[in-house]
Amino acid sequence: MAAPSAAGLGRRLRAWLPRIMPVRWSRYNPSYLEPEVKKESHQKPLEELTEEEREQMELKAVRPIKAAPPSLSSSVFSDPMISKFTNMMMKSGNKVLARSLMSQTLEAIKRKQLEKYHKAPENEKETIECNPYVIFHQALKNCQPIIGLSNITRGGKTYQVPVPLTDNRKRFLAMKWLITECRENKHRRTLMPEKLSQELLLAFNNEGPVIKRKHVLHKMAEANRAYAHFRWW
Amino acid sequence: MAAPAYPGWVTRWVSGQWRNKKRPPTLRPPRALALADKVANRREQSTEATCITEMSVMMACWKRNDFNDAPCAEEIRTFYDCVAKAEKERKNQNEDTLSSRGNLPSSKVNKLLKRFPQITRYV
């Protein structure tokens with residue numbers, strides 16, 4: 001008796017106080033413009049701008065601009081994919097820890113690759129990739145699934161239907177698989193940078209459990225290809 | 001003797017009302033004989049799935065090459081192109097124009113009819 005009335009009260013209260021309850025989307029006035037962070041766009045001389053860029057500049061002179069979030073940086077070292085990965089690794093808002101783990105991971109990758117580089121014979125030295133960012137991006141690209149499965153109910157039965165995925169969803173799945181693989185299927189006492197660097201190097205060479213998981217998904221999609229017509233988009 | 005009590009239809013028939021066209025109306029419309037301002041809700045036919053041929057080609061390539069992505073790069077590229085094209089198509093189709101089959105869904109027809117209702121009286 002008390003529980004439904006409390007929930008209903010909460011909902012009614014939230015509807016009555018639309019501006020005071022916390023909401024998840026942004027509450028800027030629509031006239032606010034996005035901040036421009038890249039240094040190159042500000043250093044361009046006036047003559048080189050195209051028509052629309054000139055209009056944009058004039059618009060920025062009259063309209064207010066949103067505050068830049070702390071995760072947005074104009075540094076050459078900032079990479080949106082790495083930031084996203086760090087955020088996904090973060091637990092309970094401990095961004096400091098997540099960022100340090102990420103930098104330790106990249107350092108570990110670099111160390112391993114340098115070791116391999118110095119031990120390799122002369123003719124093979126060019127094939128060894130030492131840039132940890134390149135390895136990270138390539139590993140993520142190799143882990144991204146190409147086709148996914150979604151549950152569609154027809155006539156009371158739920159089928160797994162192969163479905164194309166959006167870019168965001170692919171990136172998210174790749175990162176999620178990497179992180180869960182490192183968190184769950186490794187020895188308890190190994191540290192995260194160690195585990196992650198190992199996984200990333202395996203994924204870079206198209207081996208390892210994450211790539212296997214991607215292949216398992218592809219195989220299931222291939223097995224269910226008869227249901228592909230259940231899609232309506 | 002009193003006048004014989006014939007049934008009602010006999011008296012009416014004899015009086016010649018039926019032949020004089022004084023008969024009950026042949027049509028008794030339950031509703032007004034005018035177009036309403038809405039159409040019935042029809043279950044809209046769903047569109048077909050897109051990019052199935054490309055997907056099956058890609059899966060055949062996977063089967064041949066043991067699910068490696070490197071030998072199948074061409075098929076994967078065509079599949080991605082098809083998906084991007086279908087997504088753009090879906091975004092671009094304007095809601096107020098006809099769908100690909102040439103029908104307007106009943107909800108949109110009702111909205112239009114509400115904007116331009118049937119005039120029932122002249123003022």
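Tutor: Start with burial. A residue is buried under 20% relative accessible area, exposed over 50% and partly exposed in between, with a 1.4 Å probe and protein chains only. By that scale, Glu194(A) is partly exposed, at 40% relative accessibility. The model is predicted: local features need pLDDT of at least 70, side-chain atom pairs count only at pLDDT 80 or more, and totals for chains, interfaces and linings use all residues. Residues are numbered from 1 along each chain as its sequence is written, chains are lettered from A and ligands numbered from 1 in the order in which they are written, and side-chain values use heavy atoms, with hydrogens and water left out.

Student: Which residue forms a salt bridge with Glu194(A)?

Tutor: Side chains of opposite charge can pair when their charged atoms come close. The rule here asks for a side-chain nitrogen of Lys or Arg within 4 Å of a carboxyl oxygen of Asp or Glu. For Glu194(A) the partner is Lys112(A), with the closest N and O atoms 3.8 Å apart. Lys112(A) lies in helix 5 (residues 95–119) of chain A and Glu194(A) in helix 8 (residues 192–204), so the pair ties together parts 82 residues apart in sequence. Helices here are DSSP runs of H or I with at least four residues, strands are runs of E with at least two, and both are numbered from the N terminus. Lys112(A) is partly exposed, at 26% relative accessibility.

Student: How many salt bridges are there over all chains?

Tutor: The search finds 14. One of them joins Arg77(B) and Asp81(B), at 3.5 Å from N to O. Both residues lie in helix 3 of chain B, four residues apart, about one turn of the helix. Arg77(B) is partly exposed at 45%, and Asp81(B) is partly exposed at 42%. Elsewhere, salt bridges that share partners join Glu222(A), Arg225(A) and Lys63(B) into one network.

Student: How should I read the interface of chain A and chain B?

Tutor: The size of an interface is often given as the accessible area lost when the parts come together. Here buried area is that loss with a 1.4 Å probe, summed over both parts. Chain A and chain B bury about 1700 Å² between them, 66% of it on carbon and sulfur atoms. Ile146(A), Glu222(A) and Arg231(A) supply 33% of the area that chain A buries against chain B, more than any other three residues. Contact means heavy atoms within 4.5 Å. It takes 18 residues from chain A and 19 residues from chain B.

Student: How many salt bridges does the rule find across this interface?

Tutor: Two. In one, the side chains of Lys214(A) and Asp69(B) meet at 2.4 Å, N to O. Helix 9 of chain A gives the most to the side of chain A that touches chain B, with six residues.

Student: Is Lys214(A) buried or exposed?

Tutor: Lys214(A) is buried, at 2% relative accessibility.

Student: Which residues form a nonpolar patch on the surface?

Tutor: Patches take residues with over 30% relative accessible area and no salt bridge; like charges are joined within 9 Å, nonpolar side chains (Val, Leu, Ile, Met, Phe, Trp, Tyr) within 5 Å. Areas come from the Shrake-Rupley method with a 1.4 Å probe; for residues, only the protein chains shown count as cover. Trp9(B), Trp13(B) and Trp18(B) form this patch, with about 460 Å² of accessible area together. Trp9(B) lies in helix 1 (residues 8–14) of chain B and is exposed, at 55%.

Methods
Buried area = accessible area lost by both parts, 1.4 Å probe.
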